[in-house]
Amino acid sequence: RFLQSGCASPSSFLSRPFARLPPNCRLTQSRERGAMSVSDLIEKLASTQAALIKALQEEYFCDDVVPPQSAFGWDAEALRAYFESGGETLPANGSGGNGAAAKPAAAAAPPPPRELGPPDTVASGRPIFLALGDSLTEFGQHVCDPTWDKKAPFATDVLQRQGMDIAIPEHGPGWLTLLQRDYSWRTSADVLNRGYSGCNSRLLRASLSEILGSINRQDVFAITLSLGSNDHVSASPGGVPKEEFKENMAAVLSSLQEAMPSAKIILITPGRINKEKWAKHVSSVTHGRLDGAGRGETLTGVVTQGSSGSNSALKQYVALACEAGEAAGLGTAGVNPVKGPRGAVLNLNYMMQYQLANYHEAEHPDGYHFSAKLNRFVYKSVRDTLEGMKLSPVQMPMHRPAPIAEFQSTASKYGPSDDDGRLRRRV
């Protein structure tokens, strides 16, 4: 067989590197061994690394930390260093070939926020409802309810990148999905979700100019801002000290008011976080390797050993958020909340405890994110606040292109528009 393939002898075949063998000899060996093609090998490697990344995300409970595209080919040691640092440590050689890792100097602290410049002066498009915050805002766009048909097309199932994301069950419809439905149905505004899982006040402050730079700020009529759920976890890389959190919140609110002076801001504080349920969830998904200590509050209100003072910390960050809102002219929150000239403050922590019946039964299975019931509660609270500002979907004028508005006004079964833009049905 070796003589037929052009190789001098079996001994010469074994003594020469495979890459230097004559093409027909290599082909013969591949066929004899039934070797996979290059594309098949790459696909198998990608699948194996995807499984490794998913396992490490579960082990370190950091599904929101996504390796860059250059992570393809990193070894396990380089990936572990990356996840242990919260996504800040990259391999020293850029490929993870030997597992060596080095933390870039630029990752030590986020860059200072850029100047936003003067606000836009001319509204050029459809009114915008802007939602800023962390995963409680990002997941507000969920649609499906887990009690629906088990074959429902959950976005996290069909849109996740292989090996990069962990599917998070939806518990919708989310509060932003419901608001988007209302504004779209009334054709009065667009809802922009700019919530980012794992985001804290430090990161949002540094990213604000980039976020606002992609939209016409003059079109923004209302903003929701929800931060603090990640800031208060001191044991996490995303934890932010109280003094810095207070400073960041004041800076973010000031920047929003300067960039969009006519927009109303609804500040939403962190809600209740069930420490026991969260710890159980973390322990379950990490197979006992992590305990979730440091996030949330105990059911009894007593800080337990190893909790990093989470019960008191969460409430302190809620109080700091309320103080920042009041200082920014958003009013006061509490038993008798008072709206301010620039917006309102929703103390979700207080509201969940005293205004939502059996809120523990309405919690998300992980004790942190919103369940379907909590999403409806937040939606109603935000919508009621917007109604008090005369900015609810039914209070805002319809925003339609002129030809469509004219046609609907004259040729449809609806008559001319009222002064507020709504249509009168012809009798």
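Buried, in these legends, means under 20% relative accessible area. Keep that cut-off handy while you look around this predicted model.

View 1. Is Ser-201 buried or exposed? Its relative accessibility is 0%, so Ser-201 counts as buried. Look for the polar contact here: the side chain of Ser-201 pairs up with the side chain of Asn-248 at 3.1 Å. Skipping neighbours within four places in sequence, Ser-201 also has Leu-227, Asp-231, Val-240, Phe-245 and Met-249 among its contacts.

**View 2. Helix H7 and what covers its buried residues.** Seven names to find in H7: Trp-175, Leu-176, Thr-177, Leu-178, Leu-179, Asp-182 and Tyr-183 are buried. Their cover includes strands E3 (128-133), E4 (190-195), E5 (220-226) and E6 (264-268), along with helices H5 (135-138) and H13. After H7 comes Thr-187, with a positive phi near 45 degrees.

**View 3. A cis peptide bond between Gly-172 and Pro-173.** Most peptide bonds are trans. You'll find Pro-173 in the loop that runs between helix H6 (155-158) and helix H7 (175-185).

**View 4. Lys-390, a loop residue with a positive phi.** Most residues other than glycine have a negative phi. Lys-390 isn't a glycine, yet its phi is near 65 degrees. The loop holding Lys-390 sits between helix H13 (372-388) and helix H14 (402-410). What does Lys-390 count as at 59% relative accessibility? The cut-off for exposed is over 50%, so at 59% Lys-390 counts as exposed.

Terms used: Residues numbered from 1 in each chain as written. Predicted model: local features only at pLDDT ≥ 70, side-chain atom pairs only at ≥ 80, totals over all residues. Heavy atoms only, no water. Helix = DSSP H or I, 4+ residues; strand = E, 2+ residues; numbered from the N terminus. Buried < 20%, exposed > 50% of the residue type's maximum accessible area, 1.4 Å probe, protein only. Polar contact = N/O pair within 3.5 Å; in protein donor to acceptor, adjacent residues only side chain to side chain. Contact = heavy atoms within 4.5 Å.
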